[in-house]
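I opened the notebook to record what I looked up, one topic at a time. The entries follow the order in which I went through them.

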Amino acid sequence: MGKQSSEYFQEAKKLFPGGVNSPVRAFKAVGGQPLFIESGSGSRLRDVDGNTYIDYVLSWGPLVLGHAVDSVQSAVREAVNLGSSFGAPSPRELALGQELQRRLPFLEKMRFVNSGTEATMSAIRLARAVTGRENIIKFEGCYHGHSDSFLIGAGSGVASLGLADSAGLPAALIPETLVLPYNDSEAVKAIFQHHASEIAGVIVEAVAGNMGLIPADRAFLETIALLCEEHSSLFIVDEVMTGFRAAYGGACELYQLQPDLVCLGKVIGGGFPVAAFGGKACYMDQIAPLGPVYQAGTLSGNPIAMAAGLATLLGLGVNAFAEMEARTTRLCQGIQGLAKKYQLPVQVQWRGSMFSLFFADKPVQNFKDAQSANYEQFANFHQLLLTKGIYWAPSQYESNFLSLAHTDRDIEQTLQVIEEVFRKIGGRVWES
Ligand SMILES: *Cc1c(COP(=O)(O)O)cnc(C)c1O
């Protein structure tokens, strides 16, 4: 931890709770202190002390092309020259909306919002409105933003801080969120058997990225889709992280899902605050001003953010996903090989350009498995990587990401560092 970062952090703690404006940034889960970042370029981050890092956090997912990419920077400059916000419709909303629809055909209608939290919050309001039911099913360890209904059984930053849920939730709301284990089809069947008439919708990360990276079993997702259809509950796929990440058309493409509603965010804003929810027109037409479900935003559809999002999606050419996936696979298989060599019980899990690592001796399939991984060893691993110039997500409950800017050289360099780290910690993992 450099001197400048340290000084900024001391100042920041006087100003912001924990010194940060979003909790995982504080590095609390890995026992370190956050770096203050000066700039990013391609696959690299540079901190205020002048150290550079290969970045696998990428602003927690959005920067699928890498940092400060020319096409995005110039689209933003062009947009900003015309003004920053109009509070009125602009053609840029159409351009991004049409591009999203082209990639996700089931997105008949959509609305832009400013964060994933707003997208999921609005999607369940809509589900409750169109079904006239109140209960929402979610899965343990899935994170859907920080609105009240979703801070129950949430993963990610909530899990890192060891909070079962959050303080400050109205007690009356808690029973309306039903939390089931991820990848457990039987649990879904059982709850529909007894409560179908109360279930407004089921929301799921089709590839979970907020308890580390945990892919769903196909049968699990098919069970949810089928039961939702049978009982007229809305099937909502939260693709805020997986959209344009797990595959070109997100996890829905990977698993060939046709959800009633989908939530998008992160990549679609290209580093700016953009998210969206959408899906079947018959539901979306219930949103104000057409219908009775209120939803609004002063800066929604912001023209600069729309320009960044569009330039980002247009930067994902036909080979982009195959390329990123091949490099991700190379990195992850490389790590697996090294773990074997140094006799470390390590699970590396990945889909598309998303990946994570657990110190565990069997594949991690749900939140309980993730919780039983060796967290101290992860913290150790994280700190050692950081000192050697690799910026890895500072919690085992977070996914890492690759961008199109990451090169084969980056992968090689990362594997070299991981080999040094594994050599250092190998053989003493289970002693701690
Ligand atoms: C990041 C994330 C959210 C929340 O998005 P914000 O923009 O941080 O509010 C919701 N759902 C999933 C799956 C996410 O990964």
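Entry 1, a strand pairing. I started with Val204 and looked for its bridge partner in β10, which is Val237. I noted that the model is a predicted one. β7 and strand β10 (residues 234–239) are joined by four bridges, and the two run parallel.

Entry 2, the other neighbour of β7. I found three bridges between strand β5 (residues 135–139) and β7, again with the strands running parallel. I looked up Ile136 and found that its bridge partner in β7 is Gly201. I then checked how far strand β7 (residues 199–204) is covered: six of its six residues are buried, so the strand is largely enclosed by the rest of the structure.

I located Lys266 in the loop between β11 (261–264) and β12 (275–279). Is Lys266 buried, partly exposed or exposed? I found a relative accessible area of 25%. Buried would need a value under 20% and exposed one over 50%, so Lys266 counts as partly exposed. Leaving out residues up to four places away in sequence, I listed what Lys266 touches: Trp60, Pro62, Val240, Met241 and Val274.

I looked up the domain assignment, which gives domain 1 as 3–68 + 317–425 and domain 2 as 70–314. The contact draws on 38 residues of domain 1 and 37 residues of domain 2. I wrote down 25 Å as the separation of the two domain centres, taken over C-alpha atoms. Between them the domains bury about 2,800 Å², and 64% of that is on carbon and sulfur atoms. How many salt bridges are there between domain 1 and domain 2? I counted one salt bridge.

I searched everything and got 18 salt bridges. I looked at Lys368 and Glu140, whose side chains meet in a salt bridge at 3.8 Å, N to O. This pair links distant parts of the chain, 228 residues apart: Lys368 sits in helix α12 (residues 367–371), and Glu140 in the loop between β5 and α5 (156–160). Lys368 is exposed, at 54% relative accessible area.

I found a salt bridge between Glu186 and Lys189, with the closest N and O atoms 3.2 Å apart. Both residues lie in helix α6 (residues 185–195), three residues apart, or about one turn of the helix. Glu186 has a relative accessible area of 52% and is exposed, while Lys189, at 40%, is partly exposed.

Asp260 is buried at 9% relative accessibility, whereas Lys280 is partly exposed at 31%.

Which residues are linked in a network of salt bridges? I listed Glu323, Arg327, Arg330, Asp408 and Glu412.

How values were computed: Residues numbered from 1 in each chain as written. Predicted model: local features only at pLDDT ≥ 70, side-chain atom pairs only at ≥ 80, totals over all residues. Heavy atoms only, no water. Buried < 20%, exposed > 50% of the residue type's maximum accessible area, 1.4 Å probe, protein only. Pairing = 2+ DSSP bridges. Contact = heavy atoms within 4.5 Å. Domains from an automatic or database assignment. Buried area = accessible area lost by both parts, 1.4 Å probe. Salt bridge = Lys/Arg side-chain N within 4 Å of Asp/Glu carboxyl O.
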